[in-house]
Amino acid sequence: MIEQFINFVIRPPRAEYIPDQYLWEKQFTLAGKIYQRQDLELKNARGHTLQCSHYLPSPLPEDTSLPCVIYCHGNSGCRVDANEAAVLLLPSNITVFTLDFSGSGLSDGDHVSLGWHEKDDLKMVVSHLRSNKQVSRIGLWGRSMGAVTSLLYGAEDPFIAGMVLDSAFSNLYVLMMELADLNNIRLPKFTVKMAVHYMRRVIEKKAKFDIMDLNCLQVAPKTFIPVLFGHANDDQFVQPHHTDLISKSYAGDKNIIKFNGDHNSSRPQSFYDSVSIFFYNALRPPHISKSRKLEKYYSLGSSRIGSDESLLYEIFASLQSATTGAASSSSALPSISTKPSVSKLLPIVAPVTPAESVIKGDTMYGYNEPAYSKDEPNGLTEECYSCASSTRENWDRCSSLALSDEESFPDFMGDDNNSEVFETPLGSMREQLSDPKEDMKNQKKQAKKVKSDRFERLESFSRRLRHCLLKGSAHRRHKSLS
């Protein structure tokens, strides 16, 4: 039993794989763009050769520098674990670097240290990337042991732009005591503590580190790097309270996300979306070229493309023609409503204008109101349309505007009289001509007032929708496979 616990710490099952079969290809296409995998070897301070891979665009111009995220795997992991990170971040102009830590995967070394020596491997990788002029900001994404490694190193390097820490443990000694309880070891508490102290001496002799030094709660109060914590609610291996303790003592900007699953389960799409937003804001990659073809949003988890999101994609595509010249009837949001009369009225009430003019704020909408009105309803501020607008969060914001007819126009669809104003305005006027002259003036005034109220509401809706879509098209990031 004691030997099993020792191996749990310093010699867990080692991942064995063939790189060309389990990693991304040497050259591959993702979201309509060509990327490459550069394999390299680096030597750490202990003389171990580390197997590394760098995913980046192909080709990358010499005068271009992109931010990079270093993915740090768990205690039984390897470079293969970074495949999902590449899918998520490469379409956002963020390169991904990954490695097999010493004692893991195909790298040299006989033991792992759950973060203690791995932080030195990470330091060597960061130094290598900073010597590369084509790498700008650097972020860290770690899971389990990789999360602890990232936090231990981040405490020493304040120039890291941001960290994502998934399922980090707060204290290795506490974790080992919890695992003893979890395995129903029926021994007195003091006996278990004596066994752990014995294992401490054996581990220090074999792997050259002290398990008592692996305490994230000691470094968290001294670390100020922006961080996103993640932990599964049903994790029985590293229980969620470990992340809670680290987050509570962490000194820098922080956010924590809990989700369903266990220690080794796949993460939900909502977590990946949050990671994407976090790294995009922390690393500030260059904007994706406007000439790039629009791709549908790609979901790493179960498919999340609903009817509203597909509709918005089609609208984005139709608005491409509006960015280079004057608007035409084909770009006038034809698919917002299923009623032909309403869709025909949209370009009349508030015609679509070139996206570039809208973004610059030069376009004037109806009633001489500027495109970016300060008293815009529903709090549609500049912050709402941040550069992370292609993520799930802002997709939902836009989707809430692209509702069905009955949802988008509750006032218009409530009764037949109101809808008749939009469906057959000329027919209503003909009916009024047959009325007596004394009633004609009153009816005309009433009809004019109803039309004015409905037109103002419709204009406000169409302006907010175009504001969202056109602004989003300037900052879009679509994470889809080609």
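Are arginine 79 and aspartate 100 buried or exposed? In this predicted model, arginine 79 is buried, and aspartate 100 is buried too. The two residues form a salt bridge, with the closest N and O atoms 3.7 Å apart. This pair links distant parts of the chain. Arginine 79 lies in the loop between β4 and α3 (83–89). Aspartate 100 lies in the loop between β5 (95–99) and α4 (118–130). The separation is 21 residues.

The salt bridges number eleven. Some of them join into a network that links Asp20, Lys26, Arg37, Asp39, Arg79 and Asp100. Within this network, the side chains of arginine 37 and aspartate 39 meet at 2.7 Å, N to O. Arginine 37 counts as buried because its relative accessibility is 4%, and buried means under 20%. Aspartate 39 has 33% relative accessibility, so it counts as partly exposed.

Another salt bridge joins the side chains of aspartate 210 and arginine 200, at 2.8 Å, N to O. Here too, distant parts of the chain are linked. Aspartate 210 sits in the loop between α7 (189–207) and α8 (216–219). Arginine 200 belongs to helix α7, and the two residues are ten residues apart. Aspartate 210 counts as buried because its relative accessibility is 12%. Arginine 200 reaches 25%, so it counts as partly exposed.

Next comes the sheet. Nine strands form an open sheet with mixed pairing. Their order is β1-β2-β3-β5-β4-β6-β7-β8-β9. At the edges stand β1 (27–30) and β9 (254–259), each of which pairs on one side only. From one strand to the next, the twist averages 20 degrees. In general, strands of a sheet pair through backbone hydrogen bonds, either parallel or antiparallel.

Both senses of pairing occur here. Strand β2 (residues 33–43) pairs with strand β3 (residues 49–57) in the antiparallel sense, over nine bridges. Glutamine 38 stands opposite histidine 54 of β3. By contrast, β6 and β7 run parallel and are joined by five bridges. There, tryptophan 141 has valine 164 in β7 as its bridge partner. On to β8 (residues 227–232): β7 pairs with this strand in the parallel sense, over four bridges. Aspartate 166 has glycine 230 in β8 as its bridge partner.

How many residues of β7 are buried? Five of its five residues are. Both faces of β7 are covered. One side holds Gly162, Val164 and Asp166, and the other holds Met163 and Leu165. Together, β6, α5 and β7 make a right-handed β-α-β unit.

The nonpolar residues gather in cores. The largest nonpolar core has 61 residues. Those with the most contacts inside this core are Val9, Ile70, Phe97, Met163, Leu172 and Phe209. Helix α6 (residues 172–182) gives the largest share, seven residues. Valine 9 touches Val112, Leu114, Leu172, Met176, Ile203 and Phe209, not counting residues up to four places away in sequence.

Key. Residues numbered from 1 in each chain as written. Predicted model: local features only at pLDDT ≥ 70, side-chain atom pairs only at ≥ 80, totals over all residues. Heavy atoms only, no water. Pairing = 2+ DSSP bridges. Axes fitted to C-alpha atoms, helices over the stretch in contact; angles between N-to-C directions. Core = buried A, V, L, I, M, F, W, Y, C linked by side-chain atoms within 4.5 Å. Buried < 20%, exposed > 50% of the residue type's maximum accessible area, 1.4 Å probe, protein only. Contact = heavy atoms within 4.5 Å. Right-handed = clockwise from strand over helix to strand, strands pointing away. Salt bridge = Lys/Arg side-chain N within 4 Å of Asp/Glu carboxyl O.
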